[in-house]
Amino acid sequence: MSKITTIADVRRHFLNNKEPIYFISATNFNLLGIGDWVGNFRHINYIDCFEGQQRNVFVPKEKFPRDFESIEDINNYLLEHKEVIDFIQSRAQGGNAGVAAFLMFDEHTEEVCEQLGLKVAFPPAKLRSRMDNKIETVRIGNKAGVPSVPNVLAKVGSYQELCEVSRELGDDLVVQTAFGDSGHTTFFIANEDDYYKHAEEIEAESEVKIMKRINCRGSAIEACATRCGTVVGPLMTELVGFKTLTPYKGGWCGNEMFAGAFDQSVRDKAREYTFQFGEALREEGYRGYFELDFLIDMDNGEVYLGELNPRVTGASSLTNVAAFAHSDIPLFLFHLLEFSDVDFDLDINEINERWAHPESVDSWSQLVIKHTDESVDLLTQAPRTGVWKMADDGSIGYHHYNYHPHAAEDDSEGFFLRISGAGDFRYEGADLGILITRGRLMDDDFQLNARAKAWIDGIRGQYAGQSLQDPVVEEVAVSHAVGGGNFKIL
């Protein structure tokens, strides 16, 4: 094939693609709708969010009881499942079983993929793990000229040691361990009592990141480091720690994408920093999709690096459905292109300039709805995946089946992706589902607006459960649960 030099070339290449390409994960949430752009694209999932209605989603029928401790465990289980192996082999082209992409994977995943003849469309797990380290992120950012919130990196063995090493940062601190999702390992410490709530986790680490606590707004931006340069998406706000959505303080629970989220100078600075960081990642040997969290200081407008996620993320579902993605191509296609055998030379600066225009960013929001009570029960009823419609009185009703957020045509409609269904256990931290809708779900003070609250109440009202009377049954239920407080499946 001749060299790809235009976006039209990229579109045509993937629409005509014949090589099997898979996204293997607990659900297909992160890459909703990518199959519309890529021929022969399939999802292989553990959870059937679509009740068998979605043709390009494969879920093995037989489930074997397993205690999963990570998303990697789920993916390895899938890859070693006979039904999945048969499915992949049935679609293989000679010795080429195709290409596999993941939300998360480890070195065992790579070994199994090699045995199956699958190429992994990501840098090696060992490199990704090093990049995923929050301590390493600070160091890469410093080298790239991308500043973090004033911080120190240190081993902490006591509250007194914490105070000593962080003396210049003040008394109100945020401590993060090297790894962790959705706020599970971010600790807010203003006094000795706060410290002792988390002392065991902090002191177990060889090094932690200790930051000055600032009055900040969380934001996220996704990008893709390619051989031609780093393609940068739009800056999104993050929904964090809302008690109606998540039981975890500091836990991610959604995003908003709209052009006016921050002023132009903040958006420009975040994009500039993301490009610089992407170029630094290329020097480290990392290429492909990544996401950066930025902390916007609301007192002085400074833009600080928060953390790096070297992968597709929960924000990818919005990045890949926005107007700029549909006028050109979704960001994830740059990732697939980078890991293809195709020769390409694209003008990344031109693409970045076009994507930076406010007109290229239409407004989308998503809510990740978890079970927030400490109770455990067995679900007997759950809302279906598809388009739901809100009436004038704030009540909601199922409208029609669809697999794509674009099917929600205006802000009275929302696309709901069901995660927990009838027959699943509902426990604190369990992901119930995700709502994606046009327009905003927060007000100008970045609090949930009335529409968001109505959607949350409406979705929760569609669930019903049967209480578990036996404490032993409850314990078994939680130990066999997927995700929840143990790890993030999305």
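I started with Glu256, which counts as buried at 0% relative accessibility. The model I am reading is predicted. Glu256 sits in strand S12, residues 252-257.

Next I looked up the polar partners of this side chain. The Glu256 side chain makes a polar contact with the side chain of Arg440 at 3.3 Å. The Glu256 side chain also reaches the backbone nitrogen of Met442, at 2.6 Å.

Then I listed contacts, leaving aside neighbours within four places in sequence. Glu256 is in contact with Met236, Thr237 and Leu239, with Trp364 and Ser365, and with Arg440, Leu441 and Met442.

**Asp443**

I moved on to Asp443. Buried or exposed, or in between, is Asp443? I read a relative accessible area of 29% for Asp443. Asp443 is therefore partly exposed, because 29% falls between the 20% and 50% cut-offs. Asp443 lies in the loop between strand S21 (431-438) and helix H14 (450-461). I also checked Asp443 against Pro123, 320 residues apart along the chain. Their C-alpha atoms are separated by 39 Å.

**Nonpolar cores**

I looked up the cores next. In soluble globular proteins, nonpolar side chains tend to be buried together. The largest nonpolar core here has 114 residues. Which of its residues touch the most other members? I noted Ile74, Phe294, Phe334 and Ile489. A second, separate core holds 23 residues, including Leu367, Met442, Phe446 and Ile459. I had already met Met442 as the residue whose backbone nitrogen the Glu256 side chain reaches.

**Cavities**

How many cavities of 30 Å³ or more does the structure hold? I found two.

The largest cavity has about 110 Å³ of space. I counted 13 lining residues, and the closest to the centre are Pro234, Leu235, Arg267, Ala356 and Val361. Strand S11 (229-240), helix H9 (264-284) and helix H13 (348-356) each give two or more residues to this lining. H9 gives the most, with four residues. By type, I noted eight nonpolar, two polar and three charged residues in the lining of the largest cavity.

The second largest cavity has about 50 Å³ of space. I listed its lining as Asn28, Leu32, Gly33, Ile34, Gly35, Asp36, His43, Gln54, Asn56, Val57 and Tyr403. That lining divides into four nonpolar, six polar and one charged.

Conventions
Residues are numbered from 1 along each chain as its sequence is written. This is a predicted model: local features need pLDDT of at least 70, side-chain atom pairs count only at pLDDT 80 or more; totals for chains, interfaces and linings use all residues. Side-chain values use heavy atoms; hydrogens and water are left out. Buried means under 20% relative accessible area, exposed over 50%, partly exposed in between (1.4 Å probe, protein chains only). A polar contact is a pair of N or O atoms within 3.5 Å; within protein, one must be able to donate a hydrogen and the other to accept it, and residues adjacent in sequence count only if both atoms are side-chain atoms. Contact means heavy atoms within 4.5 Å. A nonpolar core is a set of buried Ala, Val, Leu, Ile, Met, Phe, Trp, Tyr and Cys residues joined through side-chain atoms within 4.5 Å. On a 1 Å grid over the protein atoms alone, a cavity is a set of points where a 1.4 Å probe fits but cannot get out, and a pocket is an open set with protein on both sides within 12 Å along at least five of seven lines; lining residues have an atom within 4 Å of a point. Grid points are joined across faces, edges and corners, and a volume is the space filled by probe spheres set on the points. Ala, Val, Leu, Ile, Met, Phe, Trp, Tyr, Cys and Pro count as nonpolar, Asp, Glu, Lys and Arg as charged, and the others, Gly among them, as polar.
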